[in-house]
Amino acid sequence: SLPRTCLRITAPVSLLDDFSRFSAISSVHAFPKMRLMARDHEPDLVAGSGELRVVSANRFEFTLIGEPENPAYVFEQMRRQQDDRYDGLSRFRLVLEEDDGTAYAGGWTVPSFRTGDGAWTFEGETESFMGGGRSELTPTGSTEVRFLIPTRHHAAQMLAHFVTTPRDRLPPEPRFDLEVMGQTVTFRFDRALSMLTISTPASESLPLTYTENWLGEPLRILFGQLVFPRMVARVQSDGHAMLAVRPSPPWTRDSDWTALWIDETAGWDKAGFWTLYAALLTHVASARTGDGRNFEANPVTHFHEEVIQAARGSRWVWAMTLASSIEGLVSMLYSRGTRREDADLDANTQLICHIRAWSGDHALKEAAIRAVQRTAEVTTAVAMRALVADAAITRDQVKAWQKVRHAVMHGNLVSPYSSQEDDETLVALADLMRALIRRIVGLGPVAGDAARPANA
């Protein structure tokens, strides 16, 4: 559980303003008390002192020096973790405490250690850094997240243009209020720090905990980058807050061409950008699984994340991931096994009966029956033809997918070198992915020239 803290912060200053000292890259934070916890209701491994180092935006390291009360217990716990390394609960939890008693959670870790005559040294990495605070009382609570936006990336220039306020209602700092599902989502962009802040009151449609992840999903799709919150504030209605510094993966221009917001003719269309963000967030927040809401990324976001990461690989990896993600997106529009509206079910039934009456090889007979049954289902190819007829995608995009899909999935390598033909195929696949995402979130296609991969 999260340790209680007592950060002395008062409104209207954001809780994250004070907590941001723990996010500063290359900063070192000494703690007089540190301990490694095992499972709930089990003794700690060790207690001592040490430091937390913010090595980069994506990495936290720590050193703890202390003398275990029971060295045999430490070896036993380490062995248990190694024997069952896929059990997340076999990892250890780092807790850090300041002189005034303020405590922080350093997240899960599997450290290395060096024994000594007295004190031992434990070192490792942590996933995040969390604490707590107090804010003013609110009717419902609120969520605030902050994102690092690389200064030299075009996203920084776009956000500086998009996050603005009408001149007749200028606040102390530029902001933009966006209505999403009846709720106000507020954006602020600090040009000096290149930091994007998004905040919103908690509500049924944007509840606490889930929303801190949801707010970043549209950004990953729009910019084609692994945009995750660097800092998070989850404020309860009674004023209690959870504050966190999280890993923020680096951006790379290699994946810029995968972005949804890539049409150069609309690059400075402020209204169009916010319409897309609102549609994406609405889709993410409205999605439900069998158990209700989900902490994991929406399938649309997840498919896009795979394409973003594949953009750092070879052109063959690009092609395979794009083709597979496109098929996954189509399946979100047309569930597998859906019956075709034009299927002649009576004819199918008659043919299946005829095949069953055949006295030949049983395995061959069953294969023929499955093939006939599939003709009545909406396959990916059939779904794409329907989308072409509905002007959601183009024939050229479908041809590019058909050209690549079967070839790359059966071991035919894509040329590692750029050529006009291959580049046009990859661009068409990226355009098809963008068109499908727009369709899924309820927006129509957009005209304009697509961008090429950066190294094409």
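The legends below describe close-up views of a predicted model. In this predicted model, local features require pLDDT of at least 70 and side-chain atom pairs count only at pLDDT 80 or more, while totals for chains, interfaces and linings use all residues. Residues are numbered from 1 along each chain as its sequence is written, and side-chain values use heavy atoms, with hydrogens and water left out.

**View 1. The aromatic pair of Phe223 and Trp251.** The structure holds 26 aromatic pairs (rings of Phe, Tyr and Trp, the last by its six-membered ring, with centres within 6.5 Å; planes under 30 degrees apart are stacked, over 60 edge-to-face, the rest tilted). Phe223 and Trp251 form a tilted pair, with 6.1 Å between centres and 35° between the planes. Phe223 lies in helix H5 (residues 217–223) and Trp251 in the loop between strand E14 (240–245) and helix H6 (270–286), 28 residues apart (helices, H or I of at least four residues, and strands, E of at least two, are DSSP runs numbered from the N terminus). Both Phe223 and Trp251 are buried (under 20% relative accessible area; exposed is over 50%, partly exposed in between; 1.4 Å probe, protein chains only).

**View 2. The aromatic cluster around this pair.** Phe223 and Trp251 belong to one aromatic cluster with Phe162, Phe176, Phe187, Trp261, Trp268, Phe273, Trp274 and Tyr277.

**View 3. Arg220 over the ring of Phe228.** Arg220 lies over the ring face, 4.0 Å from the ring centre (criterion: NZ of Lys or CZ of Arg within 6 Å of the centre and within 35 degrees of the ring normal).

**View 4. Surroundings of Gln373.** Gln373 is in helix H10 (residues 362–374) and counts as partly exposed because its relative accessibility is 35%. Arg339 and Ile352 are in contact with Gln373, leaving aside residues up to four places away in sequence (contact: heavy atoms within 4.5 Å). Leu345 is 28 residues from Gln373 in sequence, with 9.2 Å between their C-alpha atoms.
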